[in-house]
Amino acid sequence: MASFDVMPDVQLYQPTELDDALNLADQLGDKGWLLGGGQDTYGWLKDRAKHPQAMIDLTGIDTLRGVREISDGIEIGATTTLREIIRDERINRDYGLLVSAANVVASPQIRNVGTLGGNLTQDTRCWYYRRGLDCYRAGGNTCYANSTESMNREHCVFGASRCVAVSPSDTAIALTALDAKMVIQSLQGERVVTAEDFFVGPDTNITSMTSLGRREILTAIRIPSKWSGKKFYFEKVADRNVWDFALVSIAAVMSMDGDAIADSRFILGGVACTPHRLRNVERAARGKSLSEESADALASLASVGADPLNYNHFKLPLMENLVRRAMRA
Amino acid sequence: MDIATYKHDVWGTEVIRGVSWDLLWLVVVAAFLVIVLHGIYEARQERGEQPSSDGDRIQRHQKIDRIFHWIMAFSMFALLITGILPIVGVNFAWLSLHWISGLILTAIVLAHILRSIFVKDLKSVLISAADIREGRDDSKKPGKYSLAQKGMHASVTVVTLVVIVSGLIMFAMLDTPWWDRTNSMSESALGWTFLLHGLSTLALVGLISLHVYFALRPENLFYLRSMFSGWISKDELSANHDPERWAPDESP
């Protein structure tokens, strides 16, 4: 694979109005590339593994930035940087789970420029795919990561369908736990989808990790007040403490009724192509208190249905232990 | 417009990736044009009175054959819908539905072949030299199946066998409830398999479009009815077939 220090020749559009960006996205279609902080984009382009003809830089559109109160919760503009989220008082007070997630994304430098929208829509880190091989995800007819000889330590244990890549986004699991809604705009209008529906697996669309169409722009993320100020747990396990992607991570929200869990959402990252919701754990957690005993009872449920590949069996005890730790907290 | 698309394998060698799906639109337009032109041609022909469906009935298709036909039809439509919609941009979880339909089609085609060889009169559907000689002679009526029907059956048989065999090879390269996938096929062989599967799919789109069109033509509706009910009338038999060459049971 060719690798260069310089960017390829590519046109750069820097609209300052959303309407202009939508028009550009519509005109350019498959030839265009939406640009947030660029932290995923520049690697693709420098490696010459993706070949857009033009980039549409969204960071100059003021309406896509910032945190706003809405009738039911808050709305975060898609180009709000991760650093801005980490420092936002309201998010810290009410939705600390998102702050915990944003705080472990990559490195401080990347969090300074990386945007929430970019973190959510970034592509998978499967190195066979990133290297530019013509795998299923790249439109080809095979998966190089799923065979007896493949190196698939970081790949999925749930939801494989020809492709075994995982979602790399730390904030995706936090927002799925918080039952966030994604606001998507196109020239045809606005549509709002839940985080669970926003992320799609290879069984549905093998060439995209989200339901975002080529001519659509993720403009904002709405977090409802339902989980505001509730009990949160976030933990990311990676090979390095900074500048690394999760091997397995967990985001959990719990609504307590006295000592007992009245309602909860447990989401795992790094184990599937989408944030993986542990519905069986959520059902079993109802009415339980946070204790060592509950932790042991629920932990084994986390890996039910998992189908590990050759080199990622270690993810099973890892996700069980993360559930155990969430229930101890 | 290319027939195939190409990619580089893991060693950097150019190999076939699969069929060029741009051909789908060519097939759809071509089938549409054939149907429209045939419809115009037939509309300009003078036709005599249609044979009556009243009176004595003759059995054309046994119940087991009708069941085979409709299971084949439903599985074929399920395969085309689940296979083609994602290609034209309608995203849904199609793969499991596709291979389950494929296995149903494989099983029913296998059963149909065995029944045709060992139980039924296989020769009645095979194209003979006499069929070709008499193809343009309007004074000669066919036996159970006309040359056009035999031609359609032969074409669909060949293309369906290709789509089934290539589909089973592709299925073997997937994770299934019964086995884990391997990378045991070379990328070149896999590309050829995808190409054959794609080309046979395109052929089926065209053939099935024509099959449905001809089945729905007014003069052929009695054949469609017989595929539901099993019978045609004696009047329909004598108007379209030579009783000397096809002497069916008279008790449907």
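Hi everyone, a quick word on what you're looking at. This is a predicted model, where local features need pLDDT of at least 70 and side-chain atom pairs count only at pLDDT 80 or more, while totals for chains, interfaces and linings use all residues. Residues are numbered from 1 along each chain as its sequence is written, and chains are lettered from A and ligands numbered from 1 in the order in which they are written.

Back to chain A, then. Between them, 15 residues of domain 1 of chain A are in contact with 15 residues of domain 2 of chain A; contact here asks for C-beta atoms, placed from the backbone, within 7 Å. Which element gives the largest share of the domain 1 side? That is helix H1 of chain A, residues 18–28, with six residues. Helices, by the way, are DSSP runs of H or I with at least four residues, strands are E runs of at least two, and both are numbered from the N terminus. By class, that side of domain 1 of chain A has six nonpolar, six polar and three charged residues. For the classes, Ala, Val, Leu, Ile, Met, Phe, Trp, Tyr, Cys and Pro are nonpolar, Asp, Glu, Lys and Arg are charged, and the others, Gly among them, are polar.

Now to chain B. Its secondary structure comes to eight helices and four strands, and along the sequence chain B reads β-β-α-β-α-α-α-α-α-α-β-α. The C-alpha trace of chain B spans about 70 × 40 × 35 Å along its principal axes.

How do the chains meet? 18 residues of chain B are in contact with 15 residues of chain A. On the chain B side, strand E1 (4–8), strand E2 (14–19) and helix H6 (187–216) each give two or more residues. H6(B) gives the most, with four. That side of chain B divides into seven nonpolar, six polar and five charged residues.

Next, a helix pair inside chain B. Helix H2 (residues 63–84) and helix H3 (residues 95–118) of chain B pack at about 150 degrees with their axes 9 Å apart; the axes are lines fitted to C-alpha atoms over the stretch in contact, and angles run from 0 to 180 degrees between N-to-C directions. H2(B) and H3(B) are therefore roughly antiparallel, a label for angles over 145 degrees, with under 35 being roughly parallel, 65 to 115 roughly perpendicular and the rest oblique. Their contact includes Phe68(B) and Ile71(B) from H2(B), and Leu97(B) and Ile104(B) from H3(B). By class, this contact has 12 nonpolar, seven polar and no charged residues.

Let me finish with two residues. Leu79(B) sits in helix H2 of chain B and touches His98(B), Ser101(B), Gly102(B) and Leu105(B), leaving out residues up to four places away in sequence. Is Leu79(B) buried or exposed? Leu79(B) is buried, because 23 other C-beta atoms lie within 10 Å. The cut-offs are 20 or more such atoms within 10 Å for buried, 12 or fewer for exposed, and partly exposed in between, with C-beta atoms placed from the backbone. Asp121(B), in the loop between H3 and helix H4 (129–133) of chain B, counts as exposed, with 11 C-beta neighbours inside 10 Å.

Methods:
Contact = placed C-beta atoms within 7 Å.
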